[in-house]
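Me: I have a structure open and have not looked at it before. Can we go through it together?

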Amino acid sequence: MRYEEIADFFRDHRYIEKSAILGVGADGRKNGFGSILFEDPETAQIAAKELDGNYIGERYVEISVISFGDYLRFNGP
């Protein structure tokens, strides 16, 4: 998945540009997870409700809203 595809997927929602993080497993390979920031929690909730279950290209997307702290720890220890 490319960052451009993610930006296009969320284009109608107020996300923070270039905030997308792609998940990486312990082996250093992409694991299919990702995280992105929105301008506020309400926007994140709306995006999750409207976009959950859609596709980015051929990839099925399940969306969960996480806290800012969890975003900061994404891929971290």
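Me: What volume does the largest pocket have?
Reply: This is a predicted model. In it, the largest pocket has a volume of about 990 Å³.

Me: Which residues are closest to its centre?
Reply: Gly 34, Ser 35, Ile 36, Glu 62 and Ser 64, out of 33 residues that line the largest pocket.

Me: And which element gives the most to that lining?
Reply: Strand 2, with 6 residues. Strand 1 (21-24), helix 2, strand 4 (59-60) and helix 3 (68-73) are among the elements that each supply at least two.

Me: How many of the lining residues are nonpolar, polar and charged?
Reply: The lining of the largest pocket has 21 nonpolar, 7 polar and 5 charged residues.

Me: Back to Ser 35. Buried or exposed?
Reply: Ser 35 counts as buried because its relative accessibility is 9%, and the cut-off for buried is under 20%. Ser 35 is found in strand 2. Leaving out residues up to four places away in sequence, Ser 35 touches Ser 19, Ala 20, Ile 21, Ile 66, Tyr 71 and Phe 74.

Me: What about the second largest pocket, what is its volume?
Reply: About 160 Å³. Its lining includes Tyr 3, Ile 6, Tyr 15, Lys 18 and Ile 36. By class, that lining has 7 nonpolar, 1 polar and 3 charged residues.

Me: New topic. How many residues are in the largest nonpolar core?
Reply: The largest nonpolar core has 13 residues, and those with the most contacts inside it are Ile 6, Phe 9, Phe 10, Ile 36 and Phe 38. Helix 1 (3-9) and helix 2 (41-51) are the elements that give two or more residues to this core. The largest share, 3 residues, comes from helix 2.

Me: What is Phe 9 in contact with, leaving aside its neighbours within four places in sequence?
Reply: Phe 9 is in contact with Leu 51, Asn 54, Tyr 55, Ile 56, Val 61 and Ile 63.

Me: Now the charges. How many salt bridges are there?
Reply: The structure holds 5 salt bridges. One of them joins Arg 14 and Glu 39, with the closest N and O atoms 3.0 Å apart. This pair links distant parts of the chain, 25 residues apart: Arg 14 is in the loop between helix 1 and strand 1, and Glu 39 is in the loop between strand 2 and helix 2.

Me: And what separates Asp 70 and Arg 73 in helix 3?
Reply: About one helical turn, because they are 3 residues apart in helix 3. Asp 70 forms a salt bridge with Arg 73, and the closest N and O atoms are 2.8 Å apart.

How values were computed. Residues are numbered from 1 along each chain as its sequence is written. This is a predicted model: local features need pLDDT of at least 70, side-chain atom pairs count only at pLDDT 80 or more; totals for chains, interfaces and linings use all residues. Side-chain values use heavy atoms; hydrogens and water are left out. A nonpolar core is a set of buried Ala, Val, Leu, Ile, Met, Phe, Trp, Tyr and Cys residues joined through side-chain atoms within 4.5 Å. Buried means under 20% relative accessible area, exposed over 50%, partly exposed in between (1.4 Å probe, protein chains only). Helices (H or I, at least four residues) and strands (E, at least two) are DSSP runs, numbered from the N terminus. Contact means heavy atoms within 4.5 Å. On a 1 Å grid over the protein atoms alone, a cavity is a set of points where a 1.4 Å probe fits but cannot get out, and a pocket is an open set with protein on both sides within 12 Å along at least five of seven lines; lining residues have an atom within 4 Å of a point. Grid points are joined across faces, edges and corners, and a volume is the space filled by probe spheres set on the points. Ala, Val, Leu, Ile, Met, Phe, Trp, Tyr, Cys and Pro count as nonpolar, Asp, Glu, Lys and Arg as charged, and the others, Gly among them, as polar. A salt bridge is a side-chain nitrogen of Lys or Arg within 4 Å of a carboxyl oxygen of Asp or Glu.
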